[in-house]
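I opened the model to look up salt bridges, a sheet and a helix pair. My entries follow.

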There are 2 protein chains.
Amino acid sequence: METSRGDLNIPFRTLLGPGPSNVHPRVLRAAGIPVIGHLDPKFLELMDETMELLRFAFQTRNTITLAIPGTGSAGMEAALVNLIEPGDGVLVGVNGYFGERLSEMALRHGAEVRRVEAPWGQIIEPDLIERALAGRRAKLVAVVHAETSTGVLQPIKPIADACRRHGALLVVDAVTSLGGTPVPADDWGADICFSCTQKGLSCPPGLAPITVSDRAVAVTNSRRSPVQSWYLDLSLITRYWGSDRVYHHTAPITMLYALREALRLVHEEGLEARWHRHHRLSNALIAGLEALGLPILAPKAHRAPTLTVARIPEGVKDIEVRKALLSEHNLEIGGGLGALKGQVWRIGLMGESCNQANVLLVLSVLETALVRQGWRREKGAGVLAALEALASTPPHTGHDRHMS
Amino acid sequence: METSRGDLNIPFRTLLGPGPSNVHPRVLRAAGIPVIGHLDPKFLELMDETMELLRFAFQTRNTITLAIPGTGSAGMEAALVNLIEPGDGVLVGVNGYFGERLSEMALRHGAEVRRVEAPWGQIIEPDLIERALAGRRAKLVAVVHAETSTGVLQPIKPIADACRRHGALLVVDAVTSLGGTPVPADDWGADICFSCTQKGLSCPPGLAPITVSDRAVAVTNSRRSPVQSWYLDLSLITRYWGSDRVYHHTAPITMLYALREALRLVHEEGLEARWHRHHRLSNALIAGLEALGLPILAPKAHRAPTLTVARIPEGVKDIEVRKALLSEHNLEIGGGLGALKGQVWRIGLMGESCNQANVLLVLSVLETALVRQGWRREKGAGVLAALEALASTPPHTGHDRHMS
């Protein structure tokens, strides 16, 4: 017990992995506010305010827009388990680790899963979804917006349109996109979008923002069988978040303090400005990585501005480089997931972590680590390319009026 | 958006409801520590330390003793969904709201549920469980230790013994007992005990401590069908918490900082001292409530020291009293749940909330509110009876050597 009894001694890290991202001091301070009851009128107000701010983030008018009391994967499970009944046909786009996860979960909930696959690092061609739906009806299509294993940004609108034409519901995994790139739930016509708190929103992990269309609500209301999960049953969760205020679970109070504050920061910056920041800085990062000789996995037209996945050069040792970054610079980047383990690095620029200083830092220390491994380019090539890219695109100066 | 854009403005409340309880400043401070990655070696150390501290709290040697990434109800669902396969016979003790919840969840997971019932406010007679098991085999028995709707403390040992005799597994809901009264998982021979963070442990809500016996692990390992929930699949969660360190979900980092600190406080106080404190102060509260003419629902021999449930006197308006306590004294107590709505108050003395000042405060303001409703006893009767009870039982002076 000796160690466990010691003071918490957590180093300060610069978080440039696939999430969590760094958390703003205002959000950390919110997390330290004394807890009140989950049915306290003051807390119920906070829940309403959080719903309003989440609607802003998801660009939606959906009434049911709230935070599931679990991490992003709980959001995924909530989306699927509420819509799926045993035997339902579900079409899943699989072009990475999280597409696999969607497929695995849908199977566990009793769906007849058909997979529409693409190689890791490519998008799912919307035509393939359309053809699959035309071939055999599906109740539900599930796809990942920003695939956290590959950095691919999937076009959603044409898939949503195909779903409408064929009477299927659409579930979108926006875990690595919300808060960093547009997630226009209503404009897409998505039925459920879910996300997490610790990436584009720069809040600690632990909650899963979710928004649910009226169409999806109608489907859950006409289920023949109860939802397999009691904890994630949206009709019960909604009775607590909605005007009924019927106790379901004890809300994670502290996390909701933090989420509200993180969403306020998103609102203060404005969505357009925030998206521009992520776009501009990820472009600079990409320019730098390419100048260092690290090719980007995703095709140019389909890159998530939140997460850049680059191939590790031949002969360079993945773990040694990441260990050096962490131990010498307190800098975290992510390794490859699943099939890409050891082959790529995943570098996130999300929320508070997405700033110019971090772009220059990661390129600079990565160069040092690569040189040590015998991989060298022209001195300072990464940083110089990034600076050039930054100079060519000015930062956002306008003010987003979306909600004012 | 006007309100949502404002600063967080949370009043300071004294939390004497059924949970959350007040959180120690050290725990709040831990929640404000900057986030690091969920696979950072420093965070993995913290997970190990948290497991060790949780084993201490559950008085167990079970390897699988960890925190489920959801609230107490997620712990309940994790316990049931991992052990139950469709068609399994499950015996549930139902003598309150949370027994009902166990039963409802087990049904959703496909169990053939048999209920062993007792009136709300009474224990489940262990003999009834024994007879039910003798009559027809069950794979699993599930009971609530401290029933949060009634304040009844259920004897667990004889039920555990009956389970052993009849080859059934035992799941114990220790949500309102852990950290306030003994939960000796190993001595009982319980197969899964789960709890929450926001009651006896005085941590914010959001995690569900759980401990799993080797016997239960063996059962989950020999399942014929996959666990219906991916998010709560213990074998996947264990691969992350165990030495494999395989990514499953992104751990709720901030909540784990807080939980480790809350558990350290439990360890510093010592279990015996902590139990004694809860026992002594709840006895004083009970003496005071009885002197005010509020009968206690649970029989004397079976009262949870964490939560006292008292009948509201005839003619006294439940909601008016609770509103007065909250708005005039920032003091929260709980109303009745389910069948007891409007008939009882639930007064918690848990963790940091369990102190002498709070006992005197709640009795004093309750008297004022009752007098306003036309219900009067001898002036100061409640506080005086409590002080007398406190004088008759000295506080714990020893030091718990259990783990040192």
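**Entry 1: a link within chain B.** I started at B:Arg224, which is exposed, with a relative accessible area of 67%. I use exposed for over 50% relative accessible area, buried for under 20% and partly exposed for in between (1.4 Å probe, protein chains only). B:Arg224 forms a salt bridge with B:Glu85, and the closest N and O atoms are 4.0 Å apart. A salt bridge here is a side-chain nitrogen of Lys or Arg within 4 Å of a carboxyl oxygen of Asp or Glu. B:Glu85 is buried, with a relative accessible area of 3%.

**Ground rules.** This is a predicted model, where local features need pLDDT of at least 70, side-chain atom pairs count only at pLDDT 80 or more, and totals for chains, interfaces and linings use all residues. Residues are numbered from 1 along each chain as its sequence is written, chains are lettered from A and ligands numbered from 1 in the order in which they are written, and side-chain values use heavy atoms, leaving out hydrogens and water.

**Entry 2: links between chains.** How many salt bridges are there over all chains? I noted 47. In one of them, A:Asp7 meets B:Arg264 at 3.1 Å, N to O. This pair crosses between chains, and B:Arg264 sits in helix α10 (residues 253-269) of chain B. A:Asp7 counts as exposed at 62% relative accessibility, whereas B:Arg264 is buried at 6%. Both belong to a salt-bridge network that also includes B:Arg26, B:Glu261 and B:Glu268. I also found B:Asp233 with A:Arg108, at 2.7 Å, N to O. Are these two buried or exposed? Both are buried.

**Entry 3: the sheet in chain A.** I traced an open sheet of seven strands with mixed pairing, in the order β2-β10-β9-β8-β5-β3-β4. Its edge strands are β2 (64-68) and β4 (112-117). Strands pair if DSSP finds at least two bridges between them. Helices (H or I, at least four residues) and strands (E, at least two) are DSSP runs, numbered from the N terminus. β8 and β9 of chain A pair in the parallel sense over three bridges. A:Val171 has A:Ile192 as its bridge partner.

**Entry 4: a helix pair in chain B.** The axes of α5 (residues 126-135) and α6 (residues 157-165) of chain B come within 9 Å and cross at roughly 10 degrees. The two helices are therefore roughly parallel (under 35 degrees; over 145 is roughly antiparallel, 65 to 115 roughly perpendicular, the rest oblique).

How values were computed:
Axes are lines fitted to C-alpha atoms, for helices over the stretch in contact, and angles run from 0 to 180 degrees between N-to-C directions.
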